[in-house]
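Subject: Structure handover

Hello,

Here is the structure I said I would pass on. Please open it first and keep it on screen while you read the notes that follow.

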Amino acid sequence: MNSISFIGAGNVAHRMALALQEKGCIIPHIWNRTPAKGAQLTRILNSNLPASTSRNAFGAGLLTPVPTGTPTVCASSLTDLLDSDVIVIAVSDDAIPEITRSLTEQVHNAVLCGECEHLPIIVHTSGATDIDVFNSLRNEGCRCGVLYPLLTLSKSKSVDFKNVPFLLEANDVKTMNALKKLCHILGSEHYECDSYQRLMLHIAAVFSCNFTNYLLSLAFETAGTEHSLLRPTTMEMIRKSFLQSPQAALTGPARRGDMATIEKHIRTLEEAGMTEHSQIYRLLTEKIMERNKR
């Protein structure tokens, strides 16, 4: 399992392809529906290849860096990827069914024509897409699975995959072992779970990450230019929530049932014209107080 091609050139494909390349894997092809973005990731991967030195061709005696290893090619067709050991589909959730249909057609034609010596393992990296999306590919003989990184990845920020837990799913032991090997190459923790468990963890991540980010945006707007003062109390709350529990770490007027302070906060937000902020404050306060009663 040495050659791993990617469908997609976004954040996940960018970070995983670079990490696997640095661990010695070959990334033979990148395919993206926007060729320019695929070409950009291809250039980055090729510029990241290890280099040796050779004499300058003009005879000046200067040493010139020369890339070694197998270069990555920006594929013009999905068929180009079928010679890979693994194909990673790292695209938006709504694009996965279409990509799967196209791959199924390409695999079917390649098998009929005898052009495919072996079928690749095909995986997607989605938290919310059921493994059954691969049923048509499995019917063609492909081994399929899910390799979902439970961390927000970004092109602009390097990541140590030792800190990235992967959720794995496969329809057979051989494919699961192959996914575990990929995680071992990356040095990542991995956990087996089915599509429902993965979906629930994906929803949980939306609460802990996306919704928290939204609330922080409200907090920043309320605090104005002094929002950096919120960092110590916010970080301490998160630390205590994971060490103890969110309920144990909860403080504030809703936790105490301090109605005078609550009404003062809401009134101040409304007087400041911050309608969205007051609505969210009121809703979450009511829900916190309901939980405390229970």
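Start with Ser 158, which sits in the loop that links E8 to strand E9 (166-170). Bear in mind that this is a predicted model. Ser 158 has a relative accessibility of 55% and counts as exposed, because the cut-off for that word is over 50%. Ser 158 and His 14 are 144 residues apart in sequence, yet their C-alpha atoms are 9.9 Å apart in space.

Next, the strands. Which residues of strand E7 are buried on one side, and which on the other? E7 covers residues 121-124, with Ile 121 and Val 123 on one side and Ile 122 and His 124 on the other, and these four are all buried. Both faces of the strand are therefore covered.

E7 has a pairing with strand E6 (residues 86-89), in the parallel sense, over four bridges.

How many disulfides does the structure hold? The number is zero. A disulfide is a covalent bond between the sulfur atoms of two cysteines. For Cys 142, the closest cysteine sulfur belongs to Cys 144 and is 5.5 Å away, so the two are too far apart for a bond; the cut-off is 2.5 Å. Cys 142 is buried, at 5% relative accessibility. Cys 113, in contrast, is exposed, with a relative accessible area of 54%.

Last, the surface. Tyr 196, Leu 199, Met 200, Ile 203, Phe 207 and Phe 211 make a nonpolar surface patch of about 590 Å². One of these residues, Met 200, is found in helix H6 (residues 195-223). Met 200 has a relative accessible area of 40%, so Met 200 is classed as partly exposed. Residues need over 30% to be part of a patch, so Met 200 qualifies on that count.

Regards

Definitions and conventions
Residues numbered from 1 in each chain as written. Predicted model: local features only at pLDDT ≥ 70, side-chain atom pairs only at ≥ 80, totals over all residues. Heavy atoms only, no water. Buried < 20%, exposed > 50% of the residue type's maximum accessible area, 1.4 Å probe, protein only. Helix = DSSP H or I, 4+ residues; strand = E, 2+ residues; numbered from the N terminus. Pairing = 2+ DSSP bridges. Patch = residues over 30% accessible without salt bridge, like charges linked within 9 Å, V, L, I, M, F, W, Y side chains within 5 Å. Areas by Shrake-Rupley, 256 points an atom, 1.4 Å probe, with all protein chains shown as cover. Salt bridge = Lys/Arg side-chain N within 4 Å of Asp/Glu carboxyl O.
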